[in-house]
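Here is a short tour of one protein chain. Keep the sequence and the model side by side while you read.

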Amino acid sequence: MTAAALALPAFAETPRPPRAPVGMREVEVTNRTRQPIFQIRVSSSEAEQWGDDRLGDAILRPGNTFKVRLGRTRECVFDVQVIYEDLSHEERRGLDLCHIHAMTLDGSAAIRANELFAVARAIRLDNRGPRAIRQVFVSSASADQWGDDLAPPGAIPPGTVGGLVYRGGCVADLRLVYDNRAAEERRGIDLCAMPALIVRPGWTTEDTPPTPLPPGAIMLINRTARTVTALRLRPEEPAGAPSDDLLGAAVLPPGHRLVVAFDRASQCRFVARTAFGGDQEEMEQGGVDLCGDPEVTLVESRTTR
């Protein structure tokens, strides 16, 4: 052997991915996360691109399994990428599908989508509670984490309205943290239909999230066990004439709500006179404060004829 030959550097050979005799390759993907998987892409670890979506028009919902058939090949090592409903993605690299035929995704390695490309939605929170809102978290209803604090600088003190921007889908979960570190959550809010919300004691247990009313409007809520067929309001002090029937041709069944136009003309406190169906029995209810909250909640009280 010559000296020149001895001087040549020794280069290690790049190992090739394991191969096997031609055979069917497939992998079962199980979704153990809280959100659906919209796309599954599988490609050879030697490929530079992911290739086509293997789910097609299907959706892999939480708890379900989907079998990806890759056809007959000598290749053993593949990469898998899934795209979740909130556009985050998760990848598994270097899977030896000659020996591994199933994989489970729990979302722990998911990478959040670049929020710059998500739809920006403006949200207004009307704080009618007794404490300042220090933190606001909004996330997709199917996400595993709350994400960043979106509260405006200086928080949202009681009696004020705060605005924030959330990037994501229409249906989302909301978490509020107050100045005493207490927290409240509301799930599955349609922020496209309700971009403005009223935060007040008990708002998380109401049938629908309370929303600010347009100017010159009030909300009628029937908490009695009877259908209301007519409702009039009159100023409490000084006593004034009752208004026209606010229901018009409508009725208000038990448990229902109705938004109606009403000009309170700088008055705050009113008496509600309610008529019910059947024998036209009537009821009066005082102490309705439309300055504190533009709502009239009807409950059983003194009845007149």
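Cys-268 and Cys-291 form a disulfide, with sulfur atoms 1.9 Å apart; the term covers a pair of cysteine sulfur atoms within 2.5 Å. The link of Cys-268 and Cys-291 is left-handed, at -85° about the S-S bond. Cys-268 sits in the loop between strand S15 (257-261) and S16, and Cys-291 in the loop between S17 and strand S18 (295-298), so the pair ties together parts that are 23 residues apart in sequence. Strands here are DSSP runs of E with at least two residues, helices are runs of H or I with at least four residues, and both are numbered from the N terminus.

This is a predicted model: local features need pLDDT of at least 70, side-chain atom pairs count only at pLDDT 80 or more, and totals for chains, interfaces and linings use all residues. Residues are numbered from 1 along each chain as its sequence is written, and side-chain values use heavy atoms, with hydrogens and water left out.

How many disulfides does the rule give? The count comes to 2. The other link to look at joins Cys-76 and Cys-98. This pair links distant parts of the chain, 22 residues apart. Cys-76 lies in the loop between strand S3 (65-75) and strand S4 (77-84), while Cys-98 lies in the loop between strand S5 (89-96) and strand S6 (102-105).

| Disulfide | Sulfur atoms apart | Angle about the S-S bond |
|---|---|---|
| Cys-76 and Cys-98 | 1.9 Å | -80°, left-handed |
| Cys-268 and Cys-291 | 1.9 Å | -85°, left-handed |

Are these cysteines buried or exposed? Buried means under 20% relative accessible area, exposed means over 50%, and partly exposed lies in between (1.4 Å probe, protein chains only). Cys-76 is buried, at 2% relative accessible area. Cys-268 is partly exposed, at 31%. Cys-291 also counts as partly exposed, at 36% relative accessibility.

Now follow the strands. Strand S16 (residues 269-276) is mostly covered, with 6 of its 8 residues buried. Strand S14 (residues 228-235) runs antiparallel to S16, and 7 bridges join them. Two strands count as paired if DSSP finds at least two bridges between them. In this pairing, Leu-231 stands opposite Thr-274 in S16. S16 also pairs with strand S17 (residues 282-289), in the antiparallel sense, over 6 bridges. There, Ala-275 stands opposite Glu-282 in S17. Strands of a sheet pair through backbone hydrogen bonds, either parallel or antiparallel.

Next comes an open sheet. Three strands make it up, in the order S8-S10-S11, with antiparallel pairing. Its edge strands are S8 (133-140) and S11 (183-190), each of which pairs on one side only. From one strand to the next, the twist averages 20°; the axes are lines fitted to C-alpha atoms, for helices over the stretch in contact, and angles run from 0 to 180 degrees between N-to-C directions. S8 and strand S10 (residues 171-178) run antiparallel, joined by 7 bridges. Ser-139 stands opposite Asp-173 in S10.

Finally, the whole protein. It has 1 helix and 19 strands. Of its 305 residues, 37% count as buried. The protein exposes about 17,100 Å², and carbon and sulfur atoms supply 52% of that area. Accessible areas come from the Shrake-Rupley method with a 1.4 Å probe; for residues, only the protein chains shown count as cover. Among contacts with a separation of 6 or more, 61% involve residues 24 or more positions apart. Contact means heavy atoms within 4.5 Å.
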